[in-house]
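Dear colleague,

I am passing on the structure we spoke about, and below it you will find my notes on what was found. Please read them with the coordinates open.

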Amino acid sequence: MNNFENMGLSPEILDALDDLGFQRPYPIQEQVIPLLWSGSDIIGQAHTGTGKTAAFGLPILEIVNENNPNVQALIVVPTRELAVQVAEDINSYGKKTNKHALALYGGVSKYVQLEAMKNNPLIIVGTPGRLLDHLDGGSLVLDDVLCVVLDEADRLLEMGFIEDVELILKSIKGKHQTALFSATIPKSVLKLARRYMNNPREVLIESDDLNVKEIEQYYVTTDSRTKSKSLMKLLHREKIDRAILFCRTKRDTFQINEMLRSRGFSSVVINGNLTQNQRDWAMNKFVNGRRRILVATDLAGRGLDIDGITHIINLDVPQDPYNYFHRIGRTGRAGKKGIAITLVSPEQRSNFKKIQEIGGNTIEKAPELVNTRIAR
């Protein structure tokens with residue numbers, strides 16, 4: 001099975017995929033789509049950039065029945081940004097059908113979402129807290145749900161959503177299938193799966209299948225005193241169309257953004273301290289090209305799919321090695337080349353070594369930044 005036509009997708013969805021430039025399915029899509037369509041429960045281990053959203057989004061669009069106006073699919077995600085992105089992706093796949101998804105998340109008016117629900121979305125994508133708000137208020141009814149997806153389950157549990165997720169799962173009474181996707185499969189995730197899934201099929205996408213083949217990866221040795229200077233040299237020497245610059249803390253994002261703006265760079269910041277309106281404003285500026293650099297915490301590392309990201313710059317080495325792959329997965333998409341550069345200080349070398357081992361030692365040391373352009 002090496003193309004979407006062989007998967008039996010409807011002509012409307014195939015036309016939409018063609019418009020979006022989808023050429024052939026990723027490995028996770030080849031494995032998951034037939035399983036979901038057959039009614040199986042699934043545990044999928046896959047990282048960002050593997051095509052996970054389409055893997056569950058496409059069969060969901062085929063499963064839900066447009067003649068039934070009630071919610072028939074529920075996708076639970078850990079963050080507001082991911083909720084918006086997943087809903088937008090599913091709506092882009094189903095744009096030539098009468099089926100659509102709605103994102104429900106906190107930080108915005110619940111009443112605006114109540115109005116949107118009057119349009120009878122068949123698919124709901126939401127964060128646990130806001131989903132429970134709507135369930136408790138009676139505005140969200142899950143009696144007709146056929147498919148439930150827990151996306152980034154490890155992150156849901158890490159962020160303390162386990163009780164909320166269990167309350168949501170317990171509220172679904174009818175017969176349905178459940179799919180769980182996670183970058184890692186710790187014992188807590190397996191425990192959740194055993195409790196709410198029926199003989200789940202396992203799909204494992206190895207690190208070799210991570211969508212990083214189109215990404216040229218480099219690192220620059222530096223230290224805490226010279227890191228800002230190294231960053232400025234890097235930005236002056238790289239031809240950047242659009243970049244995401246990842247920082248370790250919210251405070252760092254504000255400081256780096258202020259430094260960039262003071263030196264004439266077109267940048268904007270996004271982190272968890274901003275209100276939803278501020279985050280929406282920042283993302284709109286970046287997506288529309290009015291800002292070339294997005295300075296972000298790992299909040300932006302999951303789920304966001306923005307066209308034209310040429311560079312990912314890591315100001316720090318992530319504590320969790322897999323967050324590195326979540327970050328750089330924002331570039332090198334849809335067959336386009338991307339560049340990822342990480343600034344490594346002495347105290348971060350051990351973490352960086354783990355990343356190199358996971359990635360198969362594919363990260364090259366960049367030439368010194370003195371009078372030298374970073375190699376392609």
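Two strands are said to pair if DSSP finds at least two bridges between them, and helices (H or I, at least four residues) and strands (E, at least two) are DSSP runs, numbered from the N terminus. This is a predicted model, in which local features need pLDDT of at least 70 and side-chain atom pairs count only at pLDDT 80 or more, while totals for chains, interfaces and linings use all residues. Residues are numbered from 1 along each chain as its sequence is written, and side-chain values use heavy atoms, with hydrogens and water left out.

Of the 376 residues, 55% count as buried, where buried means under 20% relative accessible area, exposed over 50%, and partly exposed in between (1.4 Å probe, protein chains only). Taking a contact as heavy atoms within 4.5 Å, residues 24 or more positions apart account for 75% of the contacts with a separation of 6 or more.

Seven strands form an open sheet with parallel pairing, in the order E3-E4-E2-E5-E6-E1-E7. Its edge strands, each of which pairs on one side only, are E3 (101–104) and E7 (201–204). The twist averages 15 degrees from one strand to the next, with axes taken as lines fitted to C-alpha atoms, for helices over the stretch in contact, and angles running from 0 to 180 degrees between N-to-C directions. Strand E1 (residues 42–45) runs parallel to E7 and is joined to it by four bridges; within this pair, Ile42 has Arg201 as its bridge partner.

Helix H11 (residues 250–262) has 13 residues and spans 19 Å from its first C-alpha to its last, close to the expected 18 Å, the expectation being 1.5 Å times one less than the number of residues. Its buried residues are Thr253, Ile256, Asn257, Met259 and Leu260. Seen down the axis of H11, these fall within an arc of 160 degrees, so they line one face of the helix; the arc is that of the directions from the helix axis to the C-beta atoms. The face turned away from the buried side carries the exposed residues Arg251, Glu258 and Ser262. The buried residues of H11 pack against helix H10 (227–237) and strands E9 (243–246), E10 (267–270) and E11 (293–296). After H11 comes Gly264, with a positive phi near 90 degrees.

Two of those neighbours, E10 and E11, run parallel and are joined by four bridges, with Ile270 standing opposite Ala296 in E11. From E10, Ser267 and Val269 point one way and Val268 and Ile270 the other, and all are buried.

Helix H3 (residues 52–63) is mostly covered, with eleven of its twelve residues buried, among them Phe56, Leu58 and Glu62. H3 reaches 17 Å between its first and last C-alpha, close to the 16 Å expected.

Finally, two backbone angles deserve a look. Most residues other than glycine have a negative phi. Asn120, in the loop between helix H5 (110–117) and strand E4 (123–126), has a positive phi near 55 degrees, and at 40% relative accessibility Asn120 counts as partly exposed. Glu152, in the loop between strand E5 (147–150) and helix H7 (153–158), has a positive phi of about 55 degrees, and Glu152 is buried, with a relative accessible area of 4%.

With best regards
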